[in-house]
Amino acid sequence: MRPLGLRGLPVVAATMAAVAAGASAEVAAAEHLAALSPTLEAASRLATLESVRARARPAVVFPVRGRVDWGEHDARFGAWRGGHVHEGQDVFAPAGRPLRAIRDGRVVETGDDGGRGNYVAMWSREARRTFVYLHMLHPSRARVGERVRAGQRMGAVGCTGSCWGDHLHLEVRVGRGTTGRPVDPLPLLRRLAARRARPE
Ligand SMILES: [Zn+2]
């Protein structure tokens, strides 16, 4: 074997430089990963947080803020109103009390016709139901086709249209729109009221 001699030194130096370069490339890669991983970690943490938050957001919300009164028998779904059957449940509360969307959904109808007063109808694909709020204090600001989130403010308790005493007349109708078969809203309302009464 030939002695390395002085001429061999550049080769050694080049080799060492190459090793160093390789090593530094590895370090750089590790540093890059380290720089990247907090981002990945943060992203996964954020995703977890978002899924927790999504679970924490209630899917179904009681439609009237504060204390309410269920009224008398004629406030009930199915009550005979001399000429027609009551197709919703009346929920009594002072005028101006905020009304909130029961579920995520889409506004399918709004209006201010004679009997219903100011009203808004929201369709929930998930529940396959349309929730209709009647006699609201002001005309709905929501537009047909607009998406709503459970708990979103939809208006205020009032007594517009054919109405005696400030209340929300709530209708729950099967399918999309205001002409589907009405079902009794009271079981749902009572369930939501009971849940609301529990301490957070
Ligand atoms: Zn009513």
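Mentor: Contact here means heavy atoms within 4.5 Å. The model is a predicted one. With that cut-off, and leaving out residues up to four places away in sequence, Val64 touches Val91, Ala93, Arg97, Pro98, Leu99, Arg100, Val157, Leu168 and Arg196.

The zinc ion has three protein donors, His86 through NE2, Asp90 through OD and His169 through ND1, at 2.0 to 2.1 Å. Their spacing along the chain is H-x3-D-x78-H. Asp90 belongs to strand 1 (residues 89-92) and His169 to strand 8 (residues 167-174), so the pair links parts of the chain that are 79 residues apart. Asp90 counts as buried because its relative accessible area is 3%, which is under the 20% limit. His169 is buried too, with a relative accessible area of 5%.

Strand 8 gives the most, with four residues. Sorted by class, the pocket lining holds seven charged, seven polar and six nonpolar residues.

Now the packing. The largest nonpolar core has 27 residues, and Val64 is among those that touch the most other members, together with Met122, Tyr133, Met154 and Leu170. Strand 4 (118-124), strand 5, strand 8 and helix 2 (186-197) each supply two or more residues to this core. Helix 2 has the largest share, four residues. Apart from this core there is a second one of six residues, including Tyr119, Ala121, Trp123 and Leu134.

The structure holds one cavity of 30 Å³ or more, and the largest cavity contains about 40 Å³ of space. It is lined by Ile102, Arg103, Asp104, Gly105, Met122, Trp123, Ser124, Phe131 and Tyr133. Strand 4 and strand 5 are the elements that give two or more residues to the cavity lining, and strand 4 gives the most, with three. The classes in the cavity lining are five nonpolar, two polar and two charged residues.

Notes
Residues numbered from 1 in each chain as written. Predicted model: local features only at pLDDT ≥ 70, side-chain atom pairs only at ≥ 80, totals over all residues. Heavy atoms only, no water. Donors = N, O, S within 2.8 Å, 3.2 Å for Na, K, Ca; no water. Buried < 20%, exposed > 50% of the residue type's maximum accessible area, 1.4 Å probe, protein only. Nonpolar A, V, L, I, M, F, W, Y, C, P; charged D, E, K, R; others polar. Core = buried A, V, L, I, M, F, W, Y, C linked by side-chain atoms within 4.5 Å. 1 Å grid on protein atoms, 1.4 Å probe; cavity = no way out; pocket = protein on both sides within 12 Å on 5 of 7 lines; lining within 4 Å. Points joined across faces, edges and corners; volume = space filled by probe spheres on them.
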